[in-house]
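Please keep the model in view while reading.

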Amino acid sequence: MLSCNDICLDYVEATRVTHALKGVSLDFSPNKLHGIMGPSGSGKSSLLYILCGLKSPTAGNVALDGTSITNMSDAACARLRSQKFGFVFQQPFLLNYLTALENILVGINPDELSASVQKAESLLSYLGLDGMGDKYPSMLSGGERQRVAVARALIGNPDIVFADEPTAALDKDNGYKVMSALADWAVDHTVIVVTHDADMLKGADVIHHLIGGCLVDDQPSNVR
Amino acid sequence: MRHPLSPFTYLTRNPSKVLPMGFVIVLCVFLIAAVASIANSIDLTVRTIYRYTEFFTYVIPQRSTQSVPMDQRAILEMQPEIDRIIEGGVFFVNIKTVVGRLPFVVIGSTPEERDYLLKRIRATLVEGRMPEEGKPEVVVSQPILENRNLKLGDVIAGPLDDGGIAGSPVPVKVVGVLKSDIWVAMSSRTFTDKTFLLTPKCLLFTTKVPSDLDVVNERLMPVGRKGDGFLSPEKVNVLTRANLLAEVRDSLSSMYMIMEVVSATVIFVIALMSGMLSNIYFTQRIPEFGVLAALGISRARLMMKIVWETVILTVIAWAIGSVLSVFLLTYLAANVFKQRGLFLDAMDPWAYQHTLPIPVAITIFAMVTVWVRLKRLDAVSVIERR
């Protein structure tokens, strides 16, 4: 289980200090879709990046299954992200010189490559991208690219998927397709989605609200 | 299937980024190889023109005498390796070289001695005939004819010749052509004796085993330590391959130094330029590396990816540059330099050795600059830059 305890994050600019997160503590129970909602500047993306070890908090601690990841070395943290975590960003960030299939496989270890190709093709099919594996990102629509990014996040069978505004750049239809895929994944894995769009979190098991860097309350979803 | 992060995937799918850098390296390799080959060609030219010194050695009297003193000749006769000592009259004809006209020796010998020497260098008459006794005629090997752009029957030396010691008071014609890649010119002893009265007579000697010539030469008058040999430098001088090369290399040492400085400067500038190009390409690829770092690809693996991309590119470009240099220099050697009396080895290993620092310097420069930037890479700032 992923948990964070008393997370604080300060940004110092010249003599001005901005408190982005003010003592946030949360437990993310497994096999659930967790939503983190809040207005712009509430600190939700910062919290997500701290949870996955991409950012260091000013104070507080993040633990995965009881082991702190806050003070891990760069290399250990990279290994953890590669083995246990999957990521979907607001933009798909696909490498434009790789095909859709290659983009999905980009984070796979070379010795697991041949075994993962079949799985990548299945994921493409599952996400409605049949026959698009050999297409380059420039040949795909925005929605298709984001679904390729979802497949890239899922290919390594991660325990936890982190999604930062994964539907922000998509229309409603494509947004729902992406969220549906993430909700399916949450059946037997943990998915943490940051968004400001309440519609997209209709299928969430738990929604955490952040306002001004403080956790307001936890609301179970009434949909699932 | 090749891994998506394989360096070959990036190199083959990004020609607009790879080719300019590769092209710069190819040109740089050619530039260095050409400069080094041309510098070394002076040495090769001397070795080619005076290659007859591999077969016999001249002993020339010092200016005070008209022939080699008897005591010096006696020393030669005492050397067990020497096969034959021949006294010859000499005169000189001009040959074209990259440093201008140079005098080339024509040996005046008896028909029997001439046949012996030509057999030694494995030269055979392919056109015309041998010079007649006492007549102003010479037989020359093909490279001399090509160098002077002459044909059978043309005058090779005469009273109107420019240049210091080269020339003849009477026009001397080419009456025979020898098939040999060794530069050699021969006339009759009677002609040289009656025409070049003031030119000293020299001795030339051969050894029973040709490979012993260097040993005997070194014993008679060691290179750089003339006074330590059996012969007296006050009375005679010897013209050997070793002292010819030593003199050429000594006189060219400043030029070689200048060439080293030029090569080092070119390599530094190219490495700097390539390092800057690497940095520009790296800047363009920051989103790629930021995302890969966020996905869990370690900095060490990203660094290795860049290192391999750079190594593969520089090695391939170096190889292409070397092959291109061989072809271009071969063409230039045959069609441009040879006519100007410059012999160039298009496959001179010394020249290509000088190009090796190019891929090494570029790789080191790219590694250092990219590593510094990779250390500072913040994946979150890349992802959040929307």
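How many residues of chain B are in contact with residues of chain A? Taking contact to mean that C-beta atoms, placed from the backbone, lie within 7 Å, 23 residues of chain B meet 27 residues of chain A. This is a predicted model, in which local features need pLDDT of at least 70, side-chain atom pairs count only at pLDDT 80 or more, and totals for chains, interfaces and linings use all residues. Residues are numbered from 1 along each chain as its sequence is written, while chains are lettered from A and ligands numbered from 1 in the order in which they are written.

On the side of chain B that touches chain A, α1 (7–13), α9 (286–294), α10 (299–337) and α13 (379–384) of chain B each supply at least two residues; helices here are DSSP runs of H or I with at least four residues, numbered from the N terminus. The largest share, 5 residues, comes from α9(B).

Within chain B, the domain assignment, which is automatic or taken from a database, gives domain 1 (7–46 + 252–384) and domain 2 (50–248). Their C-alpha centres lie 48 Å apart. The contact between them takes 8 residues from domain 1 of chain B and 9 residues from domain 2 of chain B. On the domain 1 side, α2(B) gives the most, with 4 residues.

Helix α2 of chain B (residues 15–49) has 35 residues and reaches 47 Å from its first C-alpha to its last. That is close to the expected 51 Å, a span calculated as 1.5 Å times one less than the number of residues. A kink of about 35° in α2(B) is centred on B:Ser41, the bend being the angle between axes fitted to the seven residues ending at a residue and the seven starting there.

Technical notes
Two residues are in contact if their C-beta atoms, placed from the backbone, lie within 7 Å.
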